[in-house]
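Let's take a walk through this structure together, starting with the whole chain and ending with a few single residues. Have a look at it first.

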Amino acid sequence: MIRKRLILRFLGVLLLMIGISMVPAWMMAFYWVSAAQSSFLYSIVLVMLLGSASMLLPSVRGQEIGHREAFLIVSLGWLIAAAAAALPYWFYGMLAPQGAKYFPDFTAAYFESMSGLTTTGSTILPSIEDLPKSLLLWRSLTHWLGGMGIILLGIAILPFLGIGGMQLYRAEVPGPTADKLSPRIAETAKSLWIIYIMLTAVETLFLMFGGMSLFDAVCHSFATVATGGFSTRNISVEAYRSVYIEVVITVFMALAGMNFALHFFALRGELKKVWKNEEFRFYAFVIALWSVMIAWSLQAKGAYKSFWEGLRYSSFQVVSLLTSTGFSSCDFDVWRKHSSFAVFWVVLLMFIGGCAGSTGGGIKCVRIWLLMKAAYRELVRLIHPRMVKPVKIDGRAVPEEVLSSVAGFFALFLFVMGVSTLALTWYGMNLLSAFTAVAACIGNIGPGFDAVGPYQNFGFMPIGAKWILIFCMLLGRLELYTVLILFVPQFWRK
């Protein structure tokens, strides 16, 4: 039986957290006398009132969250959080004279907020730099909150409510399995957030050293560590024309795309555990190989004067797209004019994604690695039919149910990709734009090719197409199963 009171109580706490998170942006708008200050004030009041109403419900102390409650809380939590996060955009569109140009309806506001919270980075904005700084800060902050997971943040305070949270953690954390770093789930959440905050603070300092303002450094650090990709500039990182800034952001994107458990081990001095991790080695191999191959291809076709110039831009884009960050240091859409070979490799990156247990999107490196190992095992079985050989990763046998789950995930991923692409072509989009738009949203990447390239936006799409991509963002962030299980009739049966 699904306990509605428990679900409502947690969703109320989530709304309170969103309301509190809006306060820094409201303070910035108030200090600079921005047209957005009323938008944030109304949003904070409304969200806090709705969240506080849940505190009137009877206590749920001592109750453990079950499987079905966990799936409902996570899925509904992201939908409701995105609606709350959309309010400042929506009110700005209604209250500010120029606001309707950017947020003409609630769909546009919801698209932007869902893109932020799911760390997708796709935008409907025609001109980012014309927005008030308070709204730009809020865009980046939604990335930062969604990167580690608003639900995971809530786990840290669940003990105060007397609610157990392990089932919630399993539904939220990306990847085939959810490994705890410490015996208590709340301590795990705190450990992850400490690492997350440390990476953000260190990157901010490095970017300021490279000439960025404090505001730009904070916003780009939020987007980098969350692998989100919202920039404060229309042409993203290219606007700074700085090799140093590109290198810093590349390094931190790569760190954010790693399994955060590896950061935990590295801080404890257990570096051997990091290098022995097969997924990490595969992740590093993809970055190196793809960077070199794309640079070589572009230089050979005349896109760049030298291999090293090509490597500068290819390495940034490879890490950006692999980790699903979506920053751009050049308009990589023009690569189509020079090398289809390079574009093919770029599209593959949209599917691979970062490591499990990271803030990155996509299928995840560990799933690709397991699929490759399982496929090789089947080839060997054709030669030795009676052979019993488990698939191993990091020296441990992978349970067959995990392999089945990975294969099912891959099939579902391709199915959703196909259906969503077909739906977008019905709205009149060409195949390349539709396919890469879906890949960018379900992989939480941000930009695609052609009409949705790195220097374009999604604002031209009809309302129906935007809602299809919003759903793809949610599916990608929660890795399909958490959302799609709600459409299975058995889920609702007692």
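The chain has 23 helices and four strands; these are DSSP runs numbered from the N terminus, with at least four residues (H or I) for a helix and at least two (E) for a strand. What you see is a predicted model, where local features need pLDDT of at least 70 and side-chain atom pairs count only at pLDDT 80 or more, while totals for chains, interfaces and linings use all residues. Residues are numbered from 1 along each chain as its sequence is written, and side-chain values use heavy atoms, with hydrogens and water left out.

How is the chain packed overall? Its C-alpha atoms fill a box of roughly 65 × 55 × 50 Å along the principal axes. Of the 494 residues, 59% count as buried, meaning under 20% relative accessible area with a 1.4 Å probe, protein chains only. Take the contacts (heavy atoms within 4.5 Å) between residues at least 6 apart in sequence: 72% of them join residues at least 24 apart.

Now for the inside. The largest nonpolar core has 141 residues, and Phe103, Trp138, Tyr283, Ile294, Trp335, Phe458 and Leu469 touch the most other members. Such a core is a set of buried Ala, Val, Leu, Ile, Met, Phe, Trp, Tyr and Cys residues joined through side-chain atoms within 4.5 Å. Helix 4 (residues 67–95) gives this core its largest share, 15 residues. Apart from it lies another core, of ten residues, including Leu370 and Ile393.

Both of those residues turn up again beside Val398. Leaving aside neighbours within four places in sequence, Val398 is in contact with Leu370, Val391, Lys392, Ile393 and Leu403. Val398 sits in the loop between strand 4 (396–397) and helix 20 (400–426), and is buried, at 8% relative accessible area. Leu370 is 28 residues away from Val398 in sequence, yet their C-alpha atoms are 8.8 Å apart in space.

Ser324, between helix 17 (307–322) and helix 18 (340–352), has a positive phi near 65° though it isn't glycine, and is buried at 1%. Asn444, between helix 21 (431–442) and helix 22 (463–477), is another non-glycine residue with positive phi, near 55°, and is buried at 2%.

Methods:
Buried means under 20% relative accessible area, exposed over 50%, partly exposed in between (1.4 Å probe, protein chains only).
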